[in-house]
Amino acid sequence: MILLDGKKVSEQLLEELKVEVEKLASEGKKIPHLAVILVGNNPASETYVASKIKTCERIGFKATLIRLADTVEEVNLLDKVQELNEDPEIDGFIVQSPLPKHISDDKVINAISPLKDVDGFHPENLGRMALNMPAFLPATPYGVLTLLDRYNISTAGKHCVVLGRSHIVGLPMSLLMVRNSKPGNCTVTICHSKTVDVKSHTLQADILIVATGQTESVTADMVKEGAVVVDVGISRVADASKKSGFRLAGDVKFDEVAPKCSYITPVPGGVGPMTIASLLKNTLEGVKRKIH
Ligand code: NDP
């Protein structure tokens, strides 16, 4: 079993991005500038956003954090989005989820210019991605793709089973795996909460990608010998032995599944670090106008 070390690969990616930023700076070109809108102060969002901003600074990007109160009116958030769409200094921006209940995710995503949508959530980017046209790819699936690529995992002709069909992970992930590209060219099965007998599908997977948010629900009896397993899930599980009182766990029961796998991602240190690196890669690619 080989560990798909997302921490190591993301460090390599960030180093590569840093070199590219230094080159842009030395040529007097524009330094990538990412803005993040954070509504309210959800503790997990605070952590993710702080990490995104810190990573930007580490590789020489400019980063701007825009904080709005969780009572902000939807119209005022949409105005802020429009302002960033029109600001030539900002190359890309994201609106950190989750948003308060009174704000429509769809309205906000649709308001972001597809040219600055570095999270890759806008329908235009999702459509372009599905059609194999240049697009901002959603950061988490993009990170998984890069991880598979950097480990030279062959995907063509393989059966990939994706658990989960969310718009930010499962659905784009399955589209990326079925595309005629490398990595890609898989035969893809997508399972969701209404799928009958999920195990009968997972047992056929050469590549199993799990993004259900159901902590440690994928067990050894559900996985084929020699499968590649990518665990996107991340959640907190109470653990009195830890100083923090919790440990991080994925959607896969790692200890029992890992011995059956050819490759598997750990949690933490697998897909998570790849997500931030992919977001920044998108931002740089946007600056270089490789995307649209
Ligand atoms: P969502 O809750 O939006 O979607 C979960 C999906 O899983 C849904 O499509 C749901 O089906 C499906 N599902 C639920 N139970 C089952 C089941 N038993 N079998 C098969 N499918 C099932 O979650 P996200 O996609 O946003 O996130 C998934 C996980 O990934 C979470 O743990 C999240 O924290 C993590 N995550 C990690 C990231 C990272 O960077 N590492 C980034 C983003 C997410 P249905 O559509 O029918 O409801």
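Which helices and strands each supply at least two residues of the lining of the second largest pocket? They are β4 (92-95), α4 (105-111) and α5 (123-130), where helices (H or I, at least four residues) and strands (E, at least two) are DSSP runs numbered from the N terminus. The model is predicted, so local features need pLDDT of at least 70 and side-chain atom pairs count only at pLDDT 80 or more, whereas totals for chains, interfaces and linings use all residues. Residues are numbered from 1 along each chain as its sequence is written, and side-chain values use heavy atoms, with hydrogens and water left out.

To stay with this pocket for a moment, α4 gives the most to its lining, with five residues. The lining has 18 residues in total, and D105, D106, I109, F121 and I168 lie nearest the centre. A pocket here is an open set of points on a 1 Å grid over the protein atoms alone, where a 1.4 Å probe fits, with protein on both sides within 12 Å along at least five of seven lines; lining residues have an atom within 4 Å of a point.

Turning to the ligand, 19 residues surround it, and the closest include S193, V232 and T275; a residue is near a molecule if one of its heavy atoms lies within 4 Å of it. Polar contacts are pairs of N or O atoms within 3.5 Å. In the side chain of S193, an N or O atom is 2.5 Å from an oxygen atom of the ligand. A polar side-chain atom of T275 lies 2.8 Å from a ligand oxygen atom.

Terms used: Polar contact = N/O pair within 3.5 Å; in protein donor to acceptor, adjacent residues only side chain to side chain.
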